[in-house]
Amino acid sequence: MQDITNFIIIDDSKEDCYLIKKRLQTLNASFTIQSFFSPHEAFDHVLNTGATTKSIIILDIYMPLMDGFEFVEAFESLPNNIQDNHLICALTSSINKQYIDRISAYQSVKFFLEKPLKTESLLDLMAS
């Protein structure tokens, strides 16, 4: 993932989006980072730009209206040329093993991050 410099943060918490963005910027100021508080808006963005831009999606699992599970299910229905350009990292503050196992079972979810997000976790993500 070292060659990917575009990030999409999807989290209904403005504070979490801000903190994740700041942590990413401390790793590399040239990263392109877009934050979405609405999974629907993020999905539309991925649909419209996904075939041309490679991105890491940092996706909160628990959100109102459309949760992370629903986002991933919709994402996995997209054409392969869009899916292949994105890597989804699930993000949650829950330690419920059942939810972690459920989100990890999706083919497009390649990494799991815990809140509060630590710089070390992002470094692990970038190294994988």
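Biologist: What does N85 touch, not counting residues up to four places away in sequence?
Modeller: With residues up to four places away in sequence left out, N85 touches G50, A51, T52, T53, K54 and S55 (contact means heavy atoms within 4.5 Å). Keep in mind that this is a predicted model, where local features need pLDDT of at least 70 and side-chain atom pairs count only at pLDDT 80 or more, while totals for chains, interfaces and linings use all residues. Residues are numbered from 1 along each chain as its sequence is written, and side-chain values use heavy atoms, with hydrogens and water left out.

Biologist: Where is N85 found? And is N85 buried or exposed?
Modeller: N85 sits in the loop between α4 (80–83) and β4 (helices are DSSP runs of H or I with at least four residues, strands are runs of E with at least two, and both are numbered from the N terminus). Its relative accessibility is 13%, so N85 counts as buried (under 20% relative accessible area is buried, over 50% exposed, in between partly exposed, with a 1.4 Å probe and protein chains only).

Biologist: Which residues have the most contacts inside the largest nonpolar core?
Modeller: I10, I57, L59, F71, I88 and I103, out of 23 residues in that core (a core is a set of buried Ala, Val, Leu, Ile, Met, Phe, Trp, Tyr and Cys residues joined through side-chain atoms within 4.5 Å). At least two core residues come from each of β1 (6–10), α2, β3 (55–60), α3 and β4 (86–92). The largest share is from α3, with five residues. There's also a second, separate core of 18 residues, with L24, I58, L87 and L125 among them.

Biologist: What is I103 in contact with, leaving aside neighbours within four places in sequence?
Modeller: I61, G68, F69, V72, A90, V109 and F112.

Biologist: On to the helices. At what angle do α3 and α5 pack?
Modeller: About 15 degrees for α3 and α5 (residues 97–104), with their axes 10 Å apart (axes are lines fitted to C-alpha atoms, for helices over the stretch in contact, and angles between N-to-C directions run from 0 to 180 degrees). That makes α3 roughly parallel to α5 (under 35 degrees is roughly parallel, over 145 roughly antiparallel, 65 to 115 roughly perpendicular, and the rest oblique).

Biologist: Which residues of α3 and α5 meet?
Modeller: G68, F69, V72 and E73 on the α3 side, and Y99, R102 and I103 on the α5 side. By class, this contact has four nonpolar, one polar and two charged residues (Ala, Val, Leu, Ile, Met, Phe, Trp, Tyr, Cys and Pro are nonpolar, Asp, Glu, Lys and Arg charged, and the others, Gly among them, polar).

Biologist: How does α2 sit against α3, then?
Modeller: The axes of α2 (residues 39–49) and α3 (residues 68–75) come within 11 Å and cross at roughly 20 degrees. Those two helices are therefore roughly parallel to each other. P39, A42, F43 and V46 in α2 meet F71, A74 and F75 in α3. That contact has seven nonpolar residues, no polar ones and no charged ones.

Biologist: At roughly how many degrees do the axes of α1 and α6 cross?
Modeller: Roughly 60 degrees, and the axes of α1 (residues 14–27) and α6 (residues 119–127) come within 10 Å. That makes α1 oblique to α6. Here R23, L24 and L27 of α1 meet T119, L122 and L123 of α6. The classes come out as four nonpolar, one polar and one charged.

Biologist: Is L27 buried or partly exposed?
Modeller: L27 is partly exposed, with 27% relative accessible area. From C-alpha to C-alpha, L27 and L59 are 19 Å apart in space, and they are 32 residues apart in sequence.

Biologist: Which residues does a cis peptide bond join?
Modeller: K115 and P116, with omega about -5 degrees. P116 is in the loop between β5 (109–114) and α6.

Biologist: And what is phi of L65?
Modeller: Near 70 degrees, a positive value in a residue other than glycine. L65 lies in the loop between β3 and α3. With a relative accessible area of 84%, L65 is exposed.

Biologist: Last one: where is D101 found?
Modeller: In helix α5. D101 is partly exposed, at 40% relative accessible area. D101 and E73 are 28 residues apart in sequence and 15 Å apart in space, C-alpha to C-alpha.
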